[in-house]
Amino acid sequence: MTPEDFVAESMEIWPENEAAIALFSSLSTQWRIGMSGPTGLDYNVLFARMERMKLGDEAHELLFQDIRVIESEALSILNERSD
């Protein structure tokens, strides 16, 4: 992948996804990297950021699940192998 592959297009973000997108974006430098490339976000940093948000238990769990969905899709793209 090249930097040009990550050029953001203008898109609508639904209000219910804004917190997850903002949090995920703030973690853009917090990837764990293995021998084969990115393996996932550094959850220590993720949980520290979420703690500062002072969320209730249910909101915390829902936001964490949203982040995991975004992370999974990002990993699929980041770890694509060109043939």
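Reader: What makes a local feature or a side-chain atom pair count here, and how are residues numbered?
Author: The model is predicted, so local features need pLDDT of at least 70 and side-chain atom pairs count only at pLDDT 80 or more, while totals for chains, interfaces and linings use all residues. Residues are numbered from 1 along each chain as its sequence is written, and side-chain values use heavy atoms, with hydrogens and water left out.

Reader: Which elements does the protein have, and in what order?
Author: There are three helices and two strands, and from the N terminus on they run α-β-β-α-α. Helices (H or I, at least four residues) and strands (E, at least two) are DSSP runs, numbered from the N terminus.

Reader: Why is F24 called buried?
Author: Buried means under 20% relative accessible area, exposed over 50%, and partly exposed in between (1.4 Å probe, protein chains only). F24 has 18% relative accessibility, so F24 counts as buried. Of the 83 residues of the protein, 22% count as buried.

Reader: Is D42 buried or exposed, and what about K54?
Author: D42 has a relative accessible area of 16% and is therefore buried. K54, at 73%, is exposed. D42 is found in the loop between strand 2 and helix 2, and K54 in the loop between helix 2 and helix 3. K54 also has a positive phi of about 50 degrees although it is not a glycine.

Reader: How do you know that the buried residues of helix 1 line one face?
Author: In helix 1 (residues 18-26), A20, L23 and F24 are buried. Seen down the helix axis, these buried residues fall within an arc of 100 degrees, so they line one face of helix 1. The arc is that of the directions from the helix axis to the C-beta atoms. The buried residues of helix 1 pack against strand 1 (31-34), strand 2 (37-41), helix 2 (43-52) and helix 3 (57-78).

Reader: Why is the pair of F24 and W31 called edge-to-face?
Author: Rings of Phe, Tyr and Trp (its six-membered ring) pair if their centres lie within 6.5 Å; planes under 30 degrees apart count as stacked, over 60 as edge-to-face and the rest as tilted. The structure holds four aromatic pairs. F24 and W31 are 6.0 Å apart centre to centre with 80 degrees between the planes, so the pair is edge-to-face. Elsewhere, Y43, F47 and F64 form one aromatic cluster.

Reader: What makes a set of residues a nonpolar core, and which residues touch the most other members of the largest one?
Author: A nonpolar core is a set of buried Ala, Val, Leu, Ile, Met, Phe, Trp, Tyr and Cys residues joined through side-chain atoms within 4.5 Å. Of the 13 residues in the largest core, L23, F24, W31, L41, L46, M50 and I67 touch the most other members. Helix 1, helix 2 and helix 3 are the elements that give two or more residues to this core, and the largest share, five residues, comes from helix 3.

Reader: With which residues is D42 in contact, leaving aside its neighbours within four places in sequence?
Author: Contact means heavy atoms within 4.5 Å. On that basis D42 is in contact with Q30 and R32. D42 and W31 are eleven residues apart in sequence and 5.7 Å apart in space, C-alpha to C-alpha.
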